[in-house]
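Please read these notes with the model open beside you.

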Amino acid sequence: MNKEKPVMIITGTRRGIGKGIAEFYIEQGNNVIGCSRGEGTIKAVNYQHERVDLIDEKQVRKFVRTVKKQYEKIDILVCNVGLVGSVLHMSLTSAESLSAFINTNFVANYLICREVSKTMVSNRSGRIITLSSIMTSIHSPGTSAYSSTKKALEEMTKVLAEELAPQNITCNSVALSVMMTETVKDLGDEWLERMFEMQSIKRPLKINELCHTISFLASPDASAVTGQVINLCKVN
């Protein structure tokens, strides 16, 4: 552990966007702790992976306590875990599918933010960044469950920002546009082109663009920025 480098928790690092974010900050030399329900796929000296089901309150509490005991602090939390799933109109969305969106996109993030914020409050410092989606402002058909749970995540982040501001802790959301993950590719070219047409910048978002936005929000220079939602590739 390099004590001069930040301690970061990044959720959902087994693959996709979360893995890309973790690899970026590992390269920066940060102390990165990732988690997912499965085994880790990253090997690095300054990376540690834990298997955690983030909708299990006991597992989340144990995970955060373990990190705090080992590193004595948590500087940055990046809440990446989320579910995209299929694109279905509301009339075709089952209660089971809706519950999966609520649990993954909202409950999991709520629990990890709650537990990590306790450690940050004890240290009177910290940065929390949640990952939302520009779908909350596009209102695309077939995203009723996805968009509404991401909007709930944004509101939770804003309320948490108010609660934690007196403790020098900031909380912000980054609303992502289309990124070329395996899940997105599975939705097909027609869906992809339709999404690009609704974006202001009509191309996929790159991982380094996302990470540099996170880096700003996590930096001392952003100590006066809290409770904000930053849209990438879309004019709000």
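1. His139 counts as exposed, because its relative accessibility is 61% and the cut-off for exposed is over 50%. Look for His139 in the loop between H4 and H5. Its backbone deserves a check: phi of His139 is positive, near 60°, and the residue is not a glycine. Keep in mind that this is a predicted model.

2. Now go to the loop between H5 and E6, where Asn168 lies. Asn168 is not a glycine either, yet its phi is positive, about 65°. Is Asn168 buried, exposed or partly exposed? Asn168 counts as partly exposed, because its relative accessibility is 46%.

3. Helix H5 covers residues 144-164, which is 21 residues. From first C-alpha to last, H5 reaches 30 Å, close to the 30 Å expected at 1.5 Å a residue. Its buried residues include Tyr146, Lys150, Leu153, Glu154 and Leu164. Note that Lys150 and Glu154 are on that buried list.

4. What do the buried residues of H5 pack against? Their partners are helix H3 (95-123), helix H4 (135-138) and the strands E5 (126-133), E6 (169-176) and E7 (229-231).

5. Two packed helices are described by the angle between their axes and the distance between the axes. For H3 and H5, the angle is about 15° and the axes are 9 Å apart. That angle makes H3 roughly parallel to H5. The crossing of H3 past H5 is right-handed. On the H3 side, the contact includes Leu98, Phe101, Asn105 and Val121; on the H5 side, Ala145, Lys150, Met156 and Leu164 are among the residues. By class, this contact has 14 nonpolar residues, four polar and one charged.

6. Helix H1 (residues 16-27) packs with helix H8 (residues 207-218) at an angle of about 65°, and their axes are 10 Å apart. H1 passes H8 in a right-handed crossing. H1 contributes Ile17, Gly20, Ile21, Phe24 and Tyr25 to the contact, while H8 contributes Ile207, Leu210, Cys211, His212, Ile214 and Ser215. Eight of these residues are nonpolar, three are polar and none is charged.

7. H1 has twelve residues and reaches 17 Å between its first and last C-alpha, close to the 16 Å expected. Its buried residues include Ile17, Gly18, Ala22 and Ile26. After H1 comes Gly29, with a positive phi near 90°.

Conventions. Residues numbered from 1 in each chain as written. Predicted model: local features only at pLDDT ≥ 70, side-chain atom pairs only at ≥ 80, totals over all residues. Heavy atoms only, no water. Axes fitted to C-alpha atoms, helices over the stretch in contact; angles between N-to-C directions. Helix = DSSP H or I, 4+ residues; strand = E, 2+ residues; numbered from the N terminus. Left-handed = near helix turned anticlockwise from the far one by under 90°. Contact = heavy atoms within 4.5 Å. Nonpolar A, V, L, I, M, F, W, Y, C, P; charged D, E, K, R; others polar. Expected span 1.5 Å × (residues − 1). Buried < 20%, exposed > 50% of the residue type's maximum accessible area, 1.4 Å probe, protein only. Parallel < 35°, antiparallel > 145°, perpendicular 65-115°, else oblique.
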